[in-house]
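Please look at the structure before going through them.

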Amino acid sequence: MAKKSLKARKSELSDTKRQLELLSTGVFETGTLPLFKEKLKQHQLSALQPHPLEVLQINMGYMCNQVCAHCHVDAGPDRKEYITKITMNACIKVMQSQAIQTVDLTGGAPEMHPDFRWFVEQIRSQTQVKEIIVRSNLTIILANKKYHDLPLFFAKHQVHVVSSLPFYKRNKTDRQRGSGVFDSSIKALEMLNTVGYGKPGTGLLLDLVYNPSGAFLPGDQAALEQDYKNALNTDFGLVFNQLFALTNLPISRFLDYLIASENYEEYMTNLVNAFNPTAAKNVMCTTTLSVSWDGYLYDCDFNQMLGLKVASKRNHISEFDAQVLQNREIQVSQHCYGCTAGSGSSCQGAIA
Ligand code: SF4
Ligand code: SF4
């Protein structure tokens, strides 16, 4: 497919169906890239199959106080979709019946959900789940007075906070996430540090997430973590636990950006060339299940954004069937190369 025609099709690519269609082919004008399934076979790897379920990742809705350029959820203040209490209760039932270790709350900004705190309290009081993660964009803590006490709430319920901070310098962060985001994020990190987050011996985990600002792969996670730690500590006296370096997957706003900037083919080629079989064996969809705001089940958050439900007739949390789900084949397409390039990428950073 020619770069020019891809750009011309950008306006048509606003819906997930067309994004899926584009991602289902490896054909470009200058050559053909192997399909992800073929690549697995080339490396004597079988199709992706689930291992026992460990992580339930729940999307609380698409509302967000930010509108970041590379958001794979297409979130923003104008989005109205959010999870109902009925669906949250169905999730709790699954947590009670399965050996789920971790519940990972995402959005949008999950804290904006009116029943966010209720849900965290219910998970803590009604289930044996060991870890609750909240994917916080940090700026929400300062966005409104009603969120200022979130650090205390997180600490009270031993919530593991994972926060995006695209870079440790103002200009790069603001370019990706909007003007003023860096300064607000620093203030929010100070508030989290004040209640003990990121500090040794408190048990309150604060991890940061880096993702590249353009069409390139992330650098070495350990080296980046050290750079972040040095810079944030020297400049602001801040501490945190780990840095997760994530690859931008070619979906949603980032796919639109790749097409508009005529980088799609080159980016896909780089991902394919960087295929790492070790990362492929450890992709997060083997141990995670993603629940959308309306209760449907997906192999991962990215498949959720592409509308690619689990390959099972029982694909809603209200009809959860562990055995049926265990025997499904994970749905893959060309975007999966984003999880297997270089050191690999997952919601917990590098995997290989
Ligand atoms: S803060 Fe996160 S969810 Fe909100 S727009 Fe930015 S990337 Fe998307
Ligand atoms: S995009 Fe999703 S389905 Fe594909 S490899 Fe990554 S986690 Fe698995």
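1. Val310 is buried, because 23 other C-beta atoms lie within 10 Å; here a residue counts as buried if 20 or more other C-beta atoms lie within 10 Å of its own, exposed if 12 or fewer, and partly exposed in between, with C-beta atoms placed from the backbone. Val310 is found in the loop between α14 (301-305) and α15 (322-326), where helices (H or I, at least four residues) and strands (E, at least two) are DSSP runs numbered from the N terminus. Leaving aside residues up to four places away in sequence, Val310 touches Leu297, Tyr298, Asp299, Asn315, Leu325 and Arg328, a contact being two residues whose C-beta atoms, placed from the backbone, lie within 7 Å.

2. This is a predicted model, in which local features need pLDDT of at least 70 and side-chain atom pairs count only at pLDDT 80 or more, while totals for chains, interfaces and linings use all residues. Residues are numbered from 1 along each chain as its sequence is written, and chains are lettered from A and ligands numbered from 1 in the order in which they are written. The mean pLDDT (the predictor's confidence in each residue, from 0 to 100) is 92 for the protein, and 96% of its residues reach 70 or more. Over residues 1-13, however, the pLDDT is below 50, although this stretch has 21 contacts in the model beyond near neighbours in sequence. Where pLDDT is low, the predicted coordinates should not be read in detail.

3. The open sheet has eight strands in the order β8-β7-β6-β5-β4-β3-β9-β10, with mixed pairing; two strands pair if DSSP finds at least two bridges between them. Its edge strands are β8 (243-245) and β10 (297-298), each of which pairs on one side only. Strand β3 (residues 55-59) runs parallel to β4 and is joined to it by five bridges, with Asn59 opposite Thr106 in β4. Four bridges join β4 to β5, again in parallel, and Thr102 stands opposite Glu131 in β5. Both strands are mostly covered: four of the five residues of β4 (residues 102-106) are buried, as are five of the six residues of β5 (residues 131-136).

4. Which residues of helix α12 (residues 264-273) are buried? They are Tyr264, Tyr267, Met268 and Leu271, and, seen down the axis of α12, they fall within an arc of 95°, so they line one face of the helix; the arc is that of the directions from the helix axis to the C-beta atoms. In α8 (residues 170-177) the buried residues are Thr173, Gln176 and Arg177, which cover an arc of only 80° around the axis and are therefore on the same side of α8. The buried residues of α8 pack against α9 (181-194), and α8 is followed by Gly178, whose phi is positive, near 115°.

5. Ligand 1 has 13 residues around it, of which Cys64, Cys68, Cys71, Ala75 and Asn137 come nearest; a residue is near a molecule if its C-beta atom, placed from the backbone, lies within 6 Å of it. This shell divides into seven nonpolar, five polar and one charged, where Ala, Val, Leu, Ile, Met, Phe, Trp, Tyr, Cys and Pro count as nonpolar, Asp, Glu, Lys and Arg as charged, and the others, Gly among them, as polar. The residues surrounding ligand 2 include Cys285, Cys300, Cys336 and Cys339, and by class its shell has nine nonpolar, two polar and one charged residues.
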